[in-house]
Amino acid sequence: MWEKLGKQLGHPTRSAAGWLVSRLLTVRNRVLEETAVRLSGIQPGDTVLELGHGPGLGLQSAAKLLTEPTGHLIGVDYSEYMHQVASKLMKELVVSGKVTLHHCDVAAMPLADSTVDKVFHCNCYYFWPDLRKGATEIHRVMKPGGLMVTTLRLSHVATLAAKQVMPGENWRPEAYMTALRDSGFTDVRMEDRQHKHITFQAIYATALK
Ligand SMILES: C[S@@+](CC[C@H](N)C(=O)[O-])C[C@H]1O[C@@H](n2cnc3c(N)ncnc32)[C@H](O)[C@@H]1O
């Protein structure tokens, strides 16, 4: 059962289990998604990228901040099901060109070098088979000095990892922070944060180029 949950969390499919996971993410992860957006310090004209957006809560929240004509939001997710759910949610903004959603892997994004100001993600890196490859690709697309933020509830993640929901050790923040440093990020750090009685962690990294 835990393995099945892990597979659906890491790559939701169009199925009863995938639908359930999508609902679960929508209900449980709003605070993490909204806080990642807030901590990213998004400016109205920025180009912003969300990795592994899932059902699209973070996309909705970030899109509201991009009020200038140059403001552009990009989302990537390699689950076809999540890509479809988020595309439906963001339909008007996708049609207007404000939002672009790519059905692709974080490790190979169809984005030009040094074009993104802010990157945020929640509950995503634990599922990447190669953290260094993912971090290098994020670094490639970011502008010099761009900020990346990821939020997580470490105690929950550790509990799920102990049940083998996440494969291997990539869920550990230290593993991801090492990959970020090795890929050219600087000022990589993790902070404890609190919001509405929920304690969670935020990892920050700045693209050095
Ligand atoms: C646990 S869900 C989290 C969704 C959302 N960020 C949230 O917190 O509610 C993980 C999401 O990341 C996506 N994902 C995982 N690994 C990915 C990869 N290598 N490339 C693109 N998307 C990925 C999955 O398809 C899934 O939608």
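This report describes the overall build of a predicted protein model, then some of its helices and residues.

## Basis

The model is predicted: local features need pLDDT of at least 70, side-chain atom pairs count only at pLDDT 80 or more, and totals for chains, interfaces and linings use all residues. Residue numbers start from 1 along each chain, following the sequence as written.

## Overall build

The protein has nine helices and seven strands. Both are DSSP runs, numbered from the N terminus: helices are H or I with at least four residues, strands are E with at least two. The radius of gyration is 16 Å, close to the 17 Å that the globule rule gives for 209 residues, so the protein is as compact as a globular protein of that length. That radius is taken over C-alpha atoms, and the globule rule is 2.2 Å times the number of residues to the power 0.38. The C-alpha trace spans about 45 × 35 × 35 Å along the principal axes.

Of the 209 residues, 41% are buried. A residue is buried if 20 or more other C-beta atoms lie within 10 Å of its own, exposed if 12 or fewer, and partly exposed in between, with C-beta atoms placed from the backbone. Among contacts with a separation of 6 or more, 71% join residues 24 or more positions apart. Two residues are in contact if their C-beta atoms, placed from the backbone, lie within 7 Å.

## The nonpolar core

In soluble globular proteins, nonpolar side chains tend to be buried together. Here the largest nonpolar core holds 51 residues. Such a core is a set of buried Ala, Val, Leu, Ile, Met, Phe, Trp, Tyr and Cys residues joined through C-beta atoms within 7 Å. The members that touch the most others are Leu49, Leu59, Ala62, Leu73, Val119, Met142 and Met148.

Take Leu59. Beyond its neighbours within four places in sequence, Leu59 is in contact with Glu50, His53, Leu73, Gly75, Ala86, Met90 and Val99.

## Helices H7 and H9

Helix H7 (residues 131-141) packs against helix H9 (residues 173-182) at an angle of about 50°, with axes 8 Å apart. That makes H7 oblique to H9. Axes are lines fitted to C-alpha atoms, for helices over the stretch in contact, and angles run from 0 to 180 degrees between N-to-C directions. Angles under 35 degrees count as roughly parallel, over 145 as roughly antiparallel, 65 to 115 as roughly perpendicular and the rest as oblique. From H7, Leu131, Arg132 and Ala135 make the contact; from H9, Ala175, Tyr176, Ala179, Leu180 and Asp182 do.

H7 has these buried residues: Leu131, Gly134, Ala135, Glu137, Ile138, His139 and Val141. They pack against strand E1 (47-51), E4, E5, H9, E6 and E7.

Helix H3 (residues 30-39) buries Leu32, Glu33, Thr35, Ala36 and Val37. Their cover includes helix H4 (57-63) and strands E4 (116-122), E5 (142-152), E6 (185-195) and E7 (198-207). Gly41 follows H3 and has a positive phi, near 60°.

Pro44 sits in the loop between H3 and E1. Pro44 counts as exposed, with 11 C-beta neighbours inside 10 Å. Setting aside residues up to four places away in sequence, Pro44 touches Leu65, Leu66, Thr67, Glu68 and Gly71.

## Two positive phi angles

Most residues other than glycine have a negative phi. Gln164 is not a glycine, yet has a positive phi of about 70°. Gln164 lies in the loop between helix H8 (154-162) and H9. Gln164 is exposed, with 12 other C-beta atoms within 10 Å.

Asp187 is not a glycine either, and its positive phi is about 50°. Asp187 belongs to strand E6. With 12 C-beta neighbours inside 10 Å, Asp187 counts as exposed.

## Two lysines

Lys143 is in strand E5. Lys143 is partly exposed, with 16 other C-beta atoms within 10 Å. Not counting residues up to four places away in sequence, Lys143 touches Ser114, Thr115, Val116, Asp117 and Ala207.

Lys98 lies in the loop between helix H6 (91-96) and strand E3 (99-102). Lys98 is partly exposed, with 15 other C-beta atoms within 10 Å. Lys98 and Leu66 are 32 residues apart in sequence, and their C-alpha atoms are 8.6 Å apart in space.
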